[in-house]
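I opened this one to see how it is put together. My notes follow, in the order I looked things up.

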Amino acid sequence: MAASRGAVVLKAVKKVIVQFCPFETNVRSTREFLIMVGSEKVRATNMNCEVITEVKHDRSEPTVDITFLDGERLVMKGSKLTTEEMLSALQTRCSAKDPQAKAGDKK
């Protein structure tokens, strides 16, 4: 997958909100996504990007809500996706919004 080959780049991302109930059985992929996006290396790709974690105890479905710089939003339901699928969706959108990333992919 594209996300597993290259590093995650948050250049086109304004805010990432990760919500989950830690006591549910279907939160693993969402928590792994949070670990990847919240790492120092990834955060360094856009220091202005907010990564917000909302831990709830209400049996709610795990979700990732990403807001891009142009106002577009991407909402993913973590219970139905793998970590790789979520990272791939994020990278696909980020690459489409960054002309420099497109030029780098063609080389």
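Before anything else, my bookkeeping: helices (H or I, at least four residues) and strands (E, at least two) are DSSP runs, numbered from the N terminus. This is a predicted model, so I note that local features need pLDDT of at least 70 and side-chain atom pairs count only at pLDDT 80 or more, while totals for chains, interfaces and linings use all residues. Residues are numbered from 1 along each chain as its sequence is written, and side-chain values use heavy atoms, with hydrogens and water left out.

**Entry: overall layout.** I find five helices and four strands. Along the sequence they run α-β-α-α-β-β-β-α-α. Of the 107 residues, 37% are buried (under 20% relative accessible area, with exposed over 50% and partly exposed in between; 1.4 Å probe, protein chains only). I also checked contacts (heavy atoms within 4.5 Å). Among those between residues at least 6 apart in sequence, 68% join residues at least 24 apart.

**Entry: arginine 59.** I looked up where arginine 59 sits: the loop between strand 2 (50-55) and strand 3. Its phi is positive, about 60°, although it is not a glycine. Most residues other than glycine have a negative phi. Arginine 59 counts as exposed because its relative accessibility is 66%.

**Entry: phenylalanine 68.** Buried or exposed, I asked of phenylalanine 68? It counts as buried, because its relative accessibility is 1%. Phenylalanine 68 belongs to strand 3 (residues 63-68). Leaving out residues up to four places away in sequence, phenylalanine 68 touches Ala12, Val13, Lys14, Leu74, Leu90, Arg93, Cys94 and Lys97. I also noted lysine 15, 53 residues away along the chain, with its C-alpha 6.9 Å from that of phenylalanine 68.

**Entry: helix 4.** Helix 4 has 15 residues and reaches 21 Å from first C-alpha to last, close to the 21 Å expected at 1.5 Å a residue (the expected span being 1.5 Å times one less than the number of residues). Its buried residues are Thr83, Met86, Leu87, Ser88, Leu90, Gln91 and Cys94.

**Entry: helix 2 on helix 4.** Helix 2 (residues 28-38) packs on helix 4 (residues 83-97) at an angle of about 45°, with the axes 8 Å apart. Axes here are lines fitted to C-alpha atoms, for helices over the stretch in contact, and angles run from 0 to 180 degrees between N-to-C directions. On the helix 2 side I list Ser29, Thr30, Glu32, Phe33, Met36 and Val37, which meet Thr83, Met86, Leu87 and Leu90 in helix 4.
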